[in-house]
Amino acid sequence: QNLLDTITHSVETDSDDLIRLKNDDPDLQPLTDTLNDLFWVRNQRTLHLQTAHRLAESARKRATRLSSQTRQVNDNLAREVSIRRSVETQLKHTQTLLDSILNAMPTGLFALDMNNRIVQCNQQAGDWLGMDHHQLTGMQISRLIPELSEQSLLPGPGDREPEILRVERVPLNSLRTPVASPPTV
């Protein structure tokens with residue numbers, strides 16, 4: 001009992017809550033040193049645990065923030081995908097409508113780019129040329145209908161602002177397939 005009283009009366013704590021024993025008795029000094037070493041190890045473990053806890057809490061907050069941001073990005077992407085699908089559907093309907101209108105025309109129609117390549121044409125144009133009208137896309141019109149290059153109906157590829165030319169009747173003798181009535185462009 002005397003030893004316990006001696007040790008408990010000599011307990012100090014410093015600013016870090018580190019427990020230290022002080023003892024003036026040389027016989028108890030080895031025990032006091034050993035206990036102080038144990039208290040120091042305990043304090044170091046406590047500090048490591050507190051540091052680990054702070055790091056874990058910081059990581060949890062960061063993970064929560066990243067999860068929230070990811071959820072928001074995913075929601076935005078889902079909305080964008082939905083909008084794009086809607087636009088694609090509308091474009092397909094518009095393309096179908098445009099194809100129906102063009103294919104209802106009794107004459108061959110060609111839409112050309114600045115290099116006189118076919119961008120779009122109707123079924124009647126394909127029938128006159130003896131090809132499926134979808135296969136004509138990208139072809140030079142003058143290779144299919146040489147009369148158009150001879151007549152200089154189309155603006156050259158170097159022209160900045162081509163004129164819109166309207167020619168009502170051009171006899172086409174180079175068509176591969178005979179037609180009941182001669183086509184006009």
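1. Cysteine 121 of this predicted model is in contact with Leu109, Phe110, His133 and Leu136, once residues up to four places away in sequence are set aside. Cys121 also belongs to the largest nonpolar core, a group of ten residues whose other members include Ile118, Ala125, Leu129 and Met131, together with Leu136, Ile141, Leu144, Ile145 and Leu148. Two or more residues of this core are supplied by each of strand 4 (118-121), helix 3 (123-129) and helix 4 (141-144).

2. Helix 2 covers residues 29-103, and its length can be checked against its geometry: at 1.5 Å a residue, its 75 residues should span 111 Å, and the end C-alpha atoms lie 108 Å apart, which agrees. Within helix 2, the buried residues are Thr32, Asn36, Asn43 and Leu102, and the partners against which the buried residues of this helix pack are strand 2 (19-21) and strand 4.

3. Two salt bridges are found when the whole structure is searched. In one of them, arginine 60 pairs with glutamate 57, with 2.5 Å between the closest N and O atoms. These two residues are three apart in helix 2, which means that about one helical turn separates arginine 60 from glutamate 57. Arginine 60 counts as partly exposed because its relative accessibility is 45%, and glutamate 57, at 26%, likewise counts as partly exposed.

4. The other pairing joins glutamate 80 to arginine 84, where the closest N and O atoms are 3.1 Å apart. Both residues again lie in helix 2, here four residues apart, or about one turn of the helix. An α-helix has 3.6 residues a turn, so residues three or four places apart point the same way. Is arginine 84 buried or exposed? Its relative accessibility is 53%, and since the cut-off for exposed is over 50%, arginine 84 counts as exposed, whereas glutamate 80, with a relative accessible area of 38%, is partly exposed.

5. On confidence, the protein has an average pLDDT of 81, and 72% of its residues score at least 70. Among its elements, helix 2 has the highest mean pLDDT, at 94, while helix 1 (residues 2-9) has the lowest, at 56.

Technical notes:
Residues numbered from 1 in each chain as written. Predicted model: local features only at pLDDT ≥ 70, side-chain atom pairs only at ≥ 80, totals over all residues. Heavy atoms only, no water. Core = buried A, V, L, I, M, F, W, Y, C linked by side-chain atoms within 4.5 Å. Buried < 20%, exposed > 50% of the residue type's maximum accessible area, 1.4 Å probe, protein only. Contact = heavy atoms within 4.5 Å. Expected span 1.5 Å × (residues − 1). Salt bridge = Lys/Arg side-chain N within 4 Å of Asp/Glu carboxyl O. pLDDT = per-residue confidence, 0-100.
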